[in-house]
Amino acid sequence: MTATDVLATLPDGASAQVAGEVFGSPHYGGAPLRAVAARRGAARLRCASVLKPLIVWTGGGGRTDDGERAVRFSDNAATNRIWHAGPPGRLLDRIASATGVRWRTASADPGWFGGVEVSATELVTAYGALARAAAGDPAAARVVGWMGAVPPEQAFGIPDALADTLGVPASAVAVKAGWIGHPDETALRTHAVAVAERDGETVVVAALTALPYPADRERYQEALRAGRPVVDVHEQIAGPLLRDLLAAASRDLARLGAR
């Protein structure tokens, strides 16, 4: 099943997109060796927490406890301390300088890191830059290492889903996911990016999803306001789709490599 086939199964009112790129050695600065992308619905989605590793890396948090908490445990308070110290506009400039991807906050509150809207292709480009930088930048290497050590419930089963397709152990797949159902939205957003090194190449895949709220939307919002975990709701609603999209994109990349 291709990524396009997976997207064809989306319910009405849903949006999702996926992209993947294979890069050469860390010293290769050209275009990706192979690239795939597919989309259904919105062209861009709010990013939730999926930018946290890039914020930590470019915001100087790659050597701090806040940086580790932001990446490994998706700690919003730790992320905000790095984000606002940037400040946000300057930090987005640093991300653009480091990755070649320019983002801006799209919400009414320019100080909210969750207001940045992204596409899956932008994510794989940016995380490809982070992965290549990790070969010589200790801060980047630590950030990627923290992505490889997120709690299982925050990895959404993605390392296991990609291991066979990529031909690497699950422990070699670094992941960062983001999940949020903001009160002004009609869908739950669940996103993920994964990075793996394989035979001198870097494989990066990313998926963004916005799926209709569960029936108990009010209970979800109450949990969110109270600071209780909601990642289990996102796993139930979006976990299977995320895994299918990322695995399909990895297979699509493998087919391109076999030609």
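**Strands and their partners**

Reply: Glu197 stands opposite Thr202 in E7. Keep in mind throughout that this is a predicted model.

Me: What makes E6 and E7 a pair of strands?

Reply: Two strands pair if there are at least two bridges between them. Strand E6 (residues 187-198) and strand E7 (residues 201-212) are joined by twelve bridges and run antiparallel, so they count as paired.

Me: What is the order of the strands in the open sheet?

Reply: The five strands are arranged E2-E1-E7-E6-E5, with antiparallel pairing.

Me: Why are E2 and E5 called edge strands?

Reply: Strand E2 (34-40) and strand E5 (174-180) each pair on one side only. From one strand to the next, the twist averages 5 degrees. Helix H7 (residues 138-147) packs on the sheet, where it touches E5 and E6. The direction of H7 makes about 70 degrees with that of E5.

Me: Why is E6 described as largely enclosed by the rest of the structure?

Reply: Because eleven of its twelve residues are buried.

**Buried residues and cores**

Me: Why is Thr99 called buried?

Reply: Buried means under 20% relative accessible area. Thr99 has 10% relative accessibility, so it counts as buried. Its place is in helix H5 (residues 88-99). Not counting residues up to four places away in sequence, Thr99 touches Trp57, Thr125, Ala126 and Ala129.

Me: How do you know that the side chain of Thr99 makes a polar contact with Ile95?

Reply: The cut-off for such a pair of N or O atoms is 3.5 Å. The side chain of Thr99 reaches the backbone oxygen of Ile95 at 2.7 Å, so the distance falls within the limit. A polar atom of the Thr99 side chain also lies 3.1 Å from the backbone nitrogen of Val101, again within 3.5 Å.

Me: Which residues have the most contacts inside the largest nonpolar core?

Reply: They are Leu51, Leu54, Trp103, Leu123, Tyr127 and Leu130, in a core of 43 residues. Helix H6 (residues 120-133) gives the most to this core, with seven residues. Apart from it lies another core, of 42 residues, including Val22, Ala38, Val173 and Val205. In soluble globular proteins, nonpolar side chains tend to be buried together.

**An aromatic pair**

Me: What makes the pair of Tyr213 and Tyr220 edge-to-face?

Reply: Ring centres must lie within 6.5 Å for a pair, and planes over 60 degrees apart count as edge-to-face. The whole structure has three aromatic pairs.

Me: Are Tyr213 and Tyr220 buried or exposed?

Reply: The limit for buried is under 20%. Tyr213 has a relative accessible area of 13%, so it is buried. Tyr220 is at 4%, so it counts as buried too.

Definitions and conventions
Residues numbered from 1 in each chain as written. Predicted model: local features only at pLDDT ≥ 70, side-chain atom pairs only at ≥ 80, totals over all residues. Heavy atoms only, no water. Helix = DSSP H or I, 4+ residues; strand = E, 2+ residues; numbered from the N terminus. Axes fitted to C-alpha atoms, helices over the stretch in contact; angles between N-to-C directions. Contact = heavy atoms within 4.5 Å. Core = buried A, V, L, I, M, F, W, Y, C linked by side-chain atoms within 4.5 Å. Buried < 20%, exposed > 50% of the residue type's maximum accessible area, 1.4 Å probe, protein only. Polar contact = N/O pair within 3.5 Å; in protein donor to acceptor, adjacent residues only side chain to side chain. Phe/Tyr/Trp six-rings, centres within 6.5 Å; stacked < 30°, edge-to-face > 60°.
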